[in-house]
Amino acid sequence: MTQINSKIPKGPLAEKWTNYKAHQKLVNPANKRRLDIIVVGTGLAGASAAASLAEMGFNVLNFCIQDSPRRAHSIAAQGGINAAKNYQNDGDSVYRLFYDTIKGGDYRAREANVHRLAEVSNSIIDQCVAQGVPFAREYGGLLDNRSFGGAQVSRTFYARGQTGQQLLLGAYSALSRQVGLNKVKMYKRYEMVDVVVVDGRARGIIARNLITGKLERFAAHAVVIATGGYVNTFFLSTNAMASNGSAAWQCYKKGAYFANPCMVQIHPTCIPVHGEFQSKLTLMSESLRNDGRIWVPKKKEDAEAIRAGKLKPTQINEEARDYYLERRYPAFGNLVPRDVASRAAKERCDAGYGVGAGQAVYLDFAEAINRLGKDVVEARYGNLFQMYEKIVDDNPYETPMMIYPALHYSMGGIWVDYELMTSIPGLFAIGEANFSDHGANRLGASALMQGLADGYFVLPYTIQNYLADQIQVPRFSTDLPEFEEAEKHIKERVDHLMSINGKRSVDSLHKELGHIMWDHVGMARNAEGLKEAIDMLKKLKKEFWSNVRIPGKAGDLNVELEKALRLADFIEIGELMAHDSLDRAESCGGHFREEYQTPEGEALRRDDEFSYVSCWEYQGEDKAPVMLKEPLDYEFIVRQQRNYKN
Amino acid sequence: MDKNINITLKVWRQKGPKEKGAFETYQLKDISQGSSFLEMLDILNEQLVNDGKDPVVFDHDCREGICGMCSLYIDGHPHGPDSSITTCQLHMRKFNDGATITVEPWRSAGFPVVRDLMVDRYAYDKIIQAGGFVSVNTGGVPDANAIPIPKKDADLAMDAAACIGCGACAAACKNGSAMLFVSAKVSQLALLPQGRAEAARRAKAMVAKMDELGFGNCTNTRACEAECPKDVSISNIARLNREFVKAKLQD
């Protein structure tokens, strides 16, 4: 059986990264000019990597699915970015950030990766400030911080409720500078449709020009995937409309392992689903839980009266409210990690205490407005309150917000080793696209940290250890048979889709996929439901390939075709998620199996059997994939049951 | 309370940048006022696909008002009749039963139509590439708290940095000027000590690029400010003018 080699450096935890950097191979400046790197994606990870690699002297080809690299979905991150600066003098340290992240991930992440992430976190803040990112500041002129879930310190840096936007625009400005200097060639409105492997190494990609519909070939010495996560499998999620898992899926089909597909995050504070026409869900930042208090009515009759429109939340007095997070988790209160908060909301709603249409709980700012004044609350969360009011037509300064959990982030993704290289040499994956740092649950404000850590401070080093051996390799021709073959394969797939000419729109099939996933592979899973889902997905796949309808032509701008290509992959990703969920007979982080819970209803991990990363290896069309295990041997910390109660 | 409405849509359809476009009229029934404007277009497209027709092409992505991708000119206003929002945040409760709604792409010399309601805004990227950055490489920068920045300046910089690059400012301007967009970036970086060092060079380079790309001049009509989904103020244009004049005087 294949052994998984994660290439974790030897030595004490805190010295691994320093030692790695001291001994890794480097590429000298003259040779860097001779090497080309493809970076797919322009979010925090992709843009920061493309900019940094170009600054170092490599030639970068950067691909962007939108009309501009400034629009990648990192831009929608609201709350903040973590770093172990300890500017607040509240006892933070690199070790504590490392520990909180490992614990928050329910002990399913690699120690060495997470420690490295905590180590480089401080450099990210320095870098962003130097770029002109306008972080929030105190009157003394120094940087302000706030708290996020799963931490007892204030280590989150923020720029109002638009932190992701400001960080992305920082990376975008660095990237734009390199485009202007002709060190990065930018391909906008392109979508990667396959990775090309030559003699066992990643040597290029096939991309579809979304304006002309033409398939184009691109060669390079290395390929970096920074295409984000796959939770749009569920149709409704907080991800952008074009966010998809196809690039990762193509890598998987060319032999890259797909790790922990079952581990997706359901974010507790999103605006509830409104109707069947709903196209996506809107997140309300976790930062709101700093000051907002989550509750449902204590009495079922009150909840029923609210649902019937006979009672308003403001008419329910203090004693009749159940602040269930504060009740169940006194030590962390409303700031428990996301998986815990999401399940607690589902538990209350399933028990009949939900408000709105039944699938919602309150997030209440009345106490904060009394304590701090409306002005302070507005300064902290004004744009979020405005966003809520525009969507729901309710004023959150006067009546509590209604929220419910929604799909948000994928912790799972392409398997990478310590160098962020996949199991295909020369193919790297960074940011949300890889699986590496968040274990079974990501803490708030850690996605921005990981994306920028990978792009600015990790990949630009580790990729050199690979490229140092490639300096003698001349540029490739895209006429090689491997490119021919890959393009031919895609063309056949596209032609097949166009020829089906069935009766159902792509969206109607995607919504069906979403329902199957949400009902059976969502917040609470069980063996029976998962088996049923696998069965239903098989049927859906058949329905898709025999009854989808795509108007227009293949060689043209064709939005329906774009969506169909992505949906074909989403269905298969859904299947793998279901298999992985079934296989992992334990509960951990975002993966909750109803059969495995403590008497209090908390996730029950089974460390003796499941302390591993499940790495799925593709075996071919209609063949069951093989699961390889990367053991997670904890050398430095002791696993405990996560406790946010005391 | 939200109810269902019937509407008539007049949508601009255009095959390509060089081809002639025209309005097409569509009827939609039972649209929930709780749906967003783009969800209403999704319903229209579902209907067109089911009828075997080409769906309407329009740009959109995050659907929460931050990516700047959506770009519709609705009833004569960029991003429609509501204020301080993008098209994706516009909801159907802003329209009455029986309404006729006109939907067009951005119309501006700087933004050629790609198809239907989709335009090419690469010009904005080119302006940023000309100087909308601080020239620092990754690594080797001072500690983030090494230079205190007065809160007032940081807040003003953030107000300017809120720009999402959607292009509504140029689309709203009768001169097709990109001054609000350019001034937002120039202001943000000029207000911060990190961006001060190359403030003069930046202002000149970005203005020169804007002129070169065919955007018009600013005549202070304030249409940009009125239509900006992020409420970016035209005081930024005044700041840009100051920076520009200062830079020219130093030449």
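**Entry 1: domains of chain A**

I began with the domain assignment of chain A, which gives domain 1 (267-406) and domain 2 (481-612). I kept in mind throughout that this is a predicted model. For the spacing, I found the C-alpha centres of domain 1 and domain 2 of chain A 31 Å apart. I then looked up the contacts, and six residues of domain 1 of chain A touch six residues of domain 2 of chain A. Which helix gives the most to the domain 1 side? I noted helix α10 (residues 338-353) of chain A, with five residues. By class, I have that side of domain 1 of chain A down as one nonpolar, one polar and four charged residues.

**Entry 2: helix α10 of chain A**

I stayed with α10(A) and asked how many of its 16 residues are buried. I got twelve, so I wrote the helix down as mostly covered. Among the buried ones I listed Val340(A), Ala341(A), Ala344(A), Ala345(A), Cys349(A) and Tyr353(A). I also found charged names on the buried list, including Arg338(A), Asp339(A), Arg343(A), Lys346(A) and Arg348(A). What do the buried residues pack against? I found strands β11 (264-270), β12 (293-297), β14 (361-364) and β15 (401-410) of chain A as partners, along with helices α8 (300-307) and α9 (324-328) of chain A.

**Entry 3: where chain B meets chain A**

Next I turned to the two chains, and 65 residues of chain B are in contact with 63 residues of chain A. I wanted to know which elements give two or more residues to the chain B side. My list for chain B reads α1, β6 (113-115), α2 (122-131), α3 (151-161), α5 (179-191) and α6 (193-196). The largest share comes from α1(B), which I have at seven residues. I sorted the chain B side by class too: 30 nonpolar, 20 polar and 15 charged residues.

I finished with the backbone angles. I placed Asp199(A) in the loop between β6 (190-198) and β7 (201-209) of chain A. Is Asp199(A) buried or exposed? Exposed, because Asp199(A) has 8 other C-beta atoms within 10 Å, and 12 or fewer is the cut-off.

Arg63(B), also a residue other than glycine, has a positive phi near 55°. I found Arg63(B) in the loop between α1 (37-50) and β3 (72-74) of chain B. I counted Arg63(B) as buried, because 25 C-beta neighbours lie inside 10 Å.

Notes. Residues are numbered from 1 along each chain as its sequence is written. Chains are lettered from A and ligands numbered from 1 in the order in which they are written. This is a predicted model: local features need pLDDT of at least 70, side-chain atom pairs count only at pLDDT 80 or more; totals for chains, interfaces and linings use all residues. Helices (H or I, at least four residues) and strands (E, at least two) are DSSP runs, numbered from the N terminus. A residue is buried if 20 or more other C-beta atoms lie within 10 Å of its own, exposed if 12 or fewer, and partly exposed in between; C-beta atoms are placed from the backbone. Domain bounds come from an automatic or database domain assignment. Two residues are in contact if their C-beta atoms, placed from the backbone, lie within 7 Å.
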